[in-house]
Protein chains: 2
Amino acid sequence: MSELLNKINSPQDMRLLSVEELKKLAQEVRDHITHSVSQTGGHLASNLGVVDLTIAMHYVFDFFDDKLLWDVGHQCYAHKILTGRKDEFENLRKRDGLSGFPSPDESPYDLFSVGHAGTALATAVGMALGAQHKGTNEKVVALVGDASIVNGVSFEALNNMSLVKRQLLVVLNDNSMAIDVTQGAIAKFLSKVRLTHTYEDMRKTTHNILEHLPVIGGRMEGAIKNFTRTLRMAVSPNRLFESMNIPYFGPVDGHDIGSLVKLFRAISELNRPVILHVYTKKGKGFTPADDDPRRFHSTGPFVINGKVEEEPKAGKRIFTDAFSDAMLTLGEADEKVIAITAAMPDGTGLNKFRDEFPDRYYDVGIAESAAVDIAAGLAKQGLKPVVCIYSTFLQRSFDQIFQEISQQNLPVVICIDRAGLVGNDGPTHHGMMDIGFMRMLPNVQIVSPANEAEMKNALTYAVNAGTPVALRYPKDVVSDDQIALPQCQLPFEEGKSVVIRAGAGEIFIVAIGSVLTEAVKSADILNKEGISVGVINARFVKPIDEKIVSLAFQGKTVITVEDHGVACGFGSSVLEMAAKKAQEAGIGVAGRIITLAGPDRFIKAGPRGSQLEEIGVGANSIVETVRKLVVSV
Amino acid sequence: MSELLNKINSPQDMRLLSVEELKKLAQEVRDHITHSVSQTGGHLASNLGVVDLTIAMHYVFDFFDDKLLWDVGHQCYAHKILTGRKDEFENLRKRDGLSGFPSPDESPYDLFSVGHAGTALATAVGMALGAQHKGTNEKVVALVGDASIVNGVSFEALNNMSLVKRQLLVVLNDNSMAIDVTQGAIAKFLSKVRLTHTYEDMRKTTHNILEHLPVIGGRMEGAIKNFTRTLRMAVSPNRLFESMNIPYFGPVDGHDIGSLVKLFRAISELNRPVILHVYTKKGKGFTPADDDPRRFHSTGPFVINGKVEEEPKAGKRIFTDAFSDAMLTLGEADEKVIAITAAMPDGTGLNKFRDEFPDRYYDVGIAESAAVDIAAGLAKQGLKPVVCIYSTFLQRSFDQIFQEISQQNLPVVICIDRAGLVGNDGPTHHGMMDIGFMRMLPNVQIVSPANEAEMKNALTYAVNAGTPVALRYPKDVVSDDQIALPQCQLPFEEGKSVVIRAGAGEIFIVAIGSVLTEAVKSADILNKEGISVGVINARFVKPIDEKIVSLAFQGKTVITVEDHGVACGFGSSVLEMAAKKAQEAGIGVAGRIITLAGPDRFIKAGPRGSQLEEIGVGANSIVETVRKLVVSV
């Protein structure tokens, strides 16, 4: 079955194969990926799409010395399999298993641990400049998709690429589809190119490139000019790149390994940055993914049977579902509500809103910075924009939130999905800083719903607050504690927490957001042990409820619990307020404030539940903390 | 002298003038700006450059209803003068005077308070979409410079401009020069266009546009096509914009008011987003600024005598000077040191390094995100990049610092100039959040030099730390306390503070960075009153010296002093560490921790010294705090 792949323990082994054998290897790699992802879940379609490309790159370049930069990096599976990690591949995205993204911890073939879009071109420019300074000869190759190249950082890098006075190859992997439908003018332009370009055209283009590029040295500038002259496309992407002074080659077939090998050999001899535009097909070689690449962009485990059975559904609602439905309700109630996403309609759950209110929905592509500014403009016009962006991607919008939202005090609602620990996606996606960077901003309020009922209440509050409101929630199952926690049915009031359990009145667990569930669980366990603790649902990070701090001044013990880093987090803001109050009143804090939150290091991929325990905010960890406390008192 | 201007109290008044009179008015506005800026200081050259353009815009549009979006906004002086603020203009950039940037607090004609580049296009898209939703007919106009349009956010907005299905005019104000020399391929491309384009060509282009565009309605698409067909430029910017599907018109003369009025009238009838490319000359109409626009980009007060006398120099070294010289020394000692700026060689003081080591210096233009990623690539190649970016502009790089620097633990030095309060530049430029957003990042150390000697020591430490280090310092005079503070001569050691004054041992002022000077001053004043306080120079925000926290556990009073917001600041991290220590040891804090830092609101423009007092970290404020404390004890 995998007779060739079995022998490949490093790219060197692969280089012993003939080009014909590479094609067979490609199928074996595809099978390996499909089989493995059917067990573990992961990104499937995009990875199947770049198998041929990856094999051709590793055949021509030696990325032990040469530098390969992945953009986003979720399409690196074939690369991992070919660089000595095929056996560990079955532990993809598992605790202590392989990361779903490139990871320097795993292999010298992975240069940057990535996960966010648009950075490969800029880091490639940096590495090429570094080689230029050192006078070393390694090749630098950056692989970027059509969805990533329109990101602002990519553009800034393209605009600065001419700083590089040596070889640098940008491979534009155009699979004509971003995570959802690619947005924006450039995407439409590229798709127009694709529509006017036949398979035969691609063969001719490949031929033209190879004809005009001397394999070693030769008069490069002349060769580039000669090739450009032969471009006969009605709509040529060259127009896009020529104003940036980057020679453009393509489009060529990204599944024709033989041609790719020749093209890489020829083009990598060019002593300057160039772009090679390749067409690939998401899901290539696995019919179901080929037919429905969107379904297989990021998938859970599934059954391979030619047709694919439904993936075993967890069957549980997540916070994103709750948000998705709450947005629908709001959209119906208020025509001023407008939804904005940055290339994540499915991931954020805004797809329902889009389908219901297509004219009040905008997808700006992977452009988080612009998304926030567009929302600011809409708010300035009196509308009620709701921007939904994952926590770590929102880091891209920090300065826009500062200048266009906070300074203008514009009522934009910023929904922060994937806030806190995200489980298997790992460090690049854990949202451990959003409380910190948002709570420094004047005028901005921060709320965090604890469950299904609160999502609705929090969103309703946010949309009508008349001031910027950030609303954070995790990638997790949403609990429906309507009966157990009737207090969560109450409307949100500015800066007001709600008491969930009164307790014996000495120790209070103050939770913000979804970890309220952990707090309540811990209180139940402790109760059975005869330790009665109070539980408070903070609801607001900012403005924070002064009552929480008052408890500490009354000699109580306050334990804050949050799914965020300890630095600059919710607990930290409780400490700040206590210090302020102590200074103003000229008194000390009689009781104690204990802040449970994430440490000053990156948390590895793994199940979210165990990650919560690892950082001390899971139910068992909270119980431990309280037990120690009770003993020490 | 100002016979026309005297009568203009709003744009309506101006619309009573003939086009011939507008030309005279333009000269009066120029004189008003030159005279006023000679008294107050401010941006001169760029403002003189857009006077004609501004007059033409206000003549055609009614920006009481129509929307005018300024990019960066430092070129809004003529706009302020024409919108009823000509008399207040003499208090430009003064406390309680006019802001140097657009400010909604001052006038309904100012929509967004801005100061950072690249946001006007995105907010304009948002406002146009807003009008589209509401069905209102106001015109939306965004004015963006050639240095700003290459910013990533601008590009994201251009790529999304086709979301707008109504009028939206982008005026590309091309003065062929960013703050320093414009960087990047697009800038070179635009400059090539300019070089091949004569004054006569511009006249023809204007004529062509007016010929093909029907003034009201008409067959627009056909008109655009007809115009495009008449473009006969060897190098046309149309190539740049056509792949983004935005009709392009130009270039035209930005000083020909009569033509501009006609062009605005015709083009604003187009029912879709379009770009009008205008050429202007920085410093136009004031010979010295015309000859040396760089000198007059941002100027202090000066004497108008036709030739301009030297501006009265403060004669004092600032932190930027200390950094500039320290970089030179480091550059000489270590060939691996490479400097990167984002369009601010003069502002950051890296110009000296550039002149001495041109091949180890990169200016990437207004592209802070790419700057950090390029640095990451260089560090990955074993070099020692030093990126220097103003504090609030660095907010643009937050996600890159997270993913490419912190996660990879790459030894990039990030120099944060303009950290803390910046005086007259006001809210968009106050760097009150950099400690917060940097200290959440694992692996990143943060140091802050207090004076000249420490700048050298801190930078030497940072460049050799082998881990990412951020180094923050303010826009302020740098003290040379070599004799007074011999402790500052000591090399920086990881996480070690230095004791400046032992004091009586009960109250310690712990200062980070330049406000050490305020702390020492306050100790001197208090000493005379018989109150002896200790003074500690923290040096490190992260890792923080545990000794500082230990003092509080020993029952002492610790007063932290920082030039940063109280939220997530240095004091906040002291509180966090104390809470952690208390939890671990199972004990309470015996003493007190008082955190002096900026409040949760924006601080207005004014002298930095009084701003420091306003937020409670100036010497007098510290004295007040201690006095109260001593009384209450």
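A: First, how the pieces get their names: helices (H or I, at least four residues) and strands (E, at least two) are DSSP runs, numbered from the N terminus. With that, B:Leu490 falls in the loop that links β13 (469-472) and β14 (498-501) of chain B. Bear in mind that this is a predicted model, where local features need pLDDT of at least 70 and side-chain atom pairs count only at 80 or more, while totals for chains, interfaces and linings use all residues. Residues are numbered from 1 along each chain as its sequence is written, and chains are lettered from A and ligands numbered from 1 in the order written.

B:Leu490 counts as partly exposed because 14 other C-beta atoms lie within 10 Å (20 or more would be buried, 12 or fewer exposed, in between partly exposed, with C-beta atoms placed from the backbone). Its C-alpha is 33 Å from that of B:Glu584, 94 residues away along the chain.

Elsewhere in chain B there's an open sheet of 5 strands, ordered β2-β3-β4-β6-β5 with parallel pairing (strands pair if DSSP finds at least two bridges between them). β2 (67-70) and β5 (248-253) sit at the edges with a single partner strand each, so one side of each has no neighbour in the sheet. From one strand to the next, the twist averages 20°. Inside the sheet, 7 bridges tie β4 (168-174) to β6 (273-279) of chain B, and B:Val171 stands opposite B:Leu276 there. Helix α9 (199-212) of chain B packs on this sheet, touching β5 and β6, where contact needs C-beta atoms, placed from the backbone, within 7 Å. The direction of α9 makes about 135° with that of β5(B) (angles run from 0 to 180 degrees between N-to-C directions, with axes fitted to C-alpha atoms, for helices over the stretch in contact).

Now for the partner chain. The contact of chains A and B takes 94 residues from each. On the side of chain A, helix α6 (120-134) gives the most, with 11 residues. That side has 46 nonpolar, 33 polar and 15 charged residues (Ala, Val, Leu, Ile, Met, Phe, Trp, Tyr, Cys and Pro are nonpolar, Asp, Glu, Lys and Arg charged, the others, Gly among them, polar).

Within chain A, the axes of α2 (19-40) and α4 (51-60) come within 9 Å and cross at roughly 130°. Residues making that contact include A:Leu22 and A:Val29 of α2(A) and A:Ile55 and A:Tyr59 of α4(A). By class, it has 7 nonpolar, no polar and 2 charged residues.

Definitions and conventions:
Two residues are in contact if their C-beta atoms, placed from the backbone, lie within 7 Å.
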